[in-house]
Amino acid sequence: AALSGGPGAVYLSSSMPCRDGDAFGFFGPGQGPGLQHRTLCNRGASGIDGVLCSAIGYAVAAALPVTVLIGDLATIHDINALVLLRSLARGENCRLSAVAEQSALTPGGPPGVQVHVVCVNNAGGGIFSFLPIAKHRDVFTPCFDSPHSQWQDASPMDLARAAEAFLLDPAEPVGMVIDSPTTPAALDARLAHLRSASSPRVTFTQVVPGPSHAENVDYHRHLGSIAERVGREQVAAALSPLVDQLAWCWRVVNPCGFQSLSAPPSRVV
C-alpha cells in the first residue's frame, strides 16, 4: 500500500520482492483505501533479467505511473534500462514503442512516463540464504549469494550513484530525483512523496537494510510463524459455529447416545 496510493501499478521484481508480496502483501485493486492499483511481475521462469525494461514497457503501454520494487542484483542485471527511462521520461524515442500512439506518449500529449524505482540493496542474493546450501559456507560465498565484492566485509555497491550516471543529464537534471534514505522515517517520507501530485516523474530510491542475509531469514521465519498462528486461530473461530451445529445434529439423530462407527464431531480443530 505504501508503494502506490492511487491509480497506477506496482511492479514486483522476481526473486524476493514477488515472494514477499505474495506472502505478506495485500494487493487487491479497489480493496480498501489507497489500493486502487495493479500489481504485476514477470514469469517466474524469466529470472531477474529485464525487470526494469518490463516495468518501463508497462508504463508506456498502460500510460500509468509505475512503482518498481526490485533488488540489487536485478537492478545491476538491467541497469542500462535507466537510459531508456530517461529518454522516455523526457518524451523522446516515442516512435520506438508500437503502442505510443495510444499512450500518454502521443505527440502533443502529457510528456514522458512516470516510473519510480525502489531498490532494496542488501549486497547480493539474499534469497539463497533460505536454501540448504547456505550451511556450506565454504562454497556459499561467493558462488551462490553473489556478493558485490569478494571481501565479505566490504560495503555494498552504491547503486544510487550508478543510477545517477544513467539517469541524470547535467544539462537538464529537472524532473528526476535519486536518493538513499537512511532511516525508516525518511523512507516513509519518500514513499509518501511518491504518491503525491508533486512527485517527480522519475525517481530512484535506494534502501540499504540493516539485517544480514541470515538475520533476514530468521525474520521471515518469525513472520511466517505469526501468520501460521493467526491463520489457525481464524480457521478455528470460523469453524466453531459449524462444529456446534454438527454436534447438535448428532444429538438429534442419536438421542439415546448409541455408539456407532461414526463418532460425533469433536470441538478440537
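This is a predicted model: local features need pLDDT of at least 70, side-chain atom pairs count only at pLDDT 80 or more; totals for chains, interfaces and linings use all residues.
Local features required pLDDT of at least 70 and side-chain atom pairs pLDDT 80 or more, whereas totals for chains, interfaces and linings use all residues. Residues are numbered from 1 along each chain as its sequence is written, and side-chain values use heavy atoms, with hydrogens and water left out.

The protein chain contains eight helices and six strands, where helices (H or I, at least four residues) and strands (E, at least two) are DSSP runs numbered from the N terminus. Starting at the N terminus, the order of elements is β-α-β-α-β-α-α-β-α-α-β-α-β-α. Of the 269 residues, 33% are buried; buried denotes under 20% relative accessible area, exposed over 50%, and partly exposed in between (1.4 Å probe, protein chains only). Among contacts (heavy atoms within 4.5 Å) with a separation of 6 or more, 74% join residues 24 or more positions apart.

Two packed helices are described by the angle between their axes and the distance between the axes. For helix 2 (residues 51–62) and helix 4 (residues 81–89), the angle is about 20° and the axes lie 9 Å apart. Axes are lines fitted to C-alpha atoms, for helices over the stretch in contact, and angles run from 0 to 180 degrees between N-to-C directions. The two helices are therefore roughly parallel to each other, a class assigned to angles under 35 degrees. Helix 2 contributes L52, C53, I56 and V60 to the contact, and helix 4 contributes A81, L82, L84, L85 and L88. By class, this contact comprises nine nonpolar, no polar and no charged residues; Ala, Val, Leu, Ile, Met, Phe, Trp, Tyr, Cys and Pro count as nonpolar, Asp, Glu, Lys and Arg as charged, and the others, Gly among them, as polar.

N121 is located in the loop between strand 4 (115–120) and helix 5 (137–143) and is buried, its relative accessible area being 1%. With residues up to four places away in sequence not counted, N121 touches D72, H148, P156, M157, L159, Q206, V207, V208 and P209.

S15 belongs to the loop between strand 1 (9–12) and helix 1 (16–24) and is partly exposed at 22% relative accessibility. A63 occupies the loop between helix 2 and strand 3 (66–71), and with a relative accessible area of 37% A63 is partly exposed.

Technical notes:
Angles under 35 degrees count as roughly parallel, over 145 as roughly antiparallel, 65 to 115 as roughly perpendicular and the rest as oblique.
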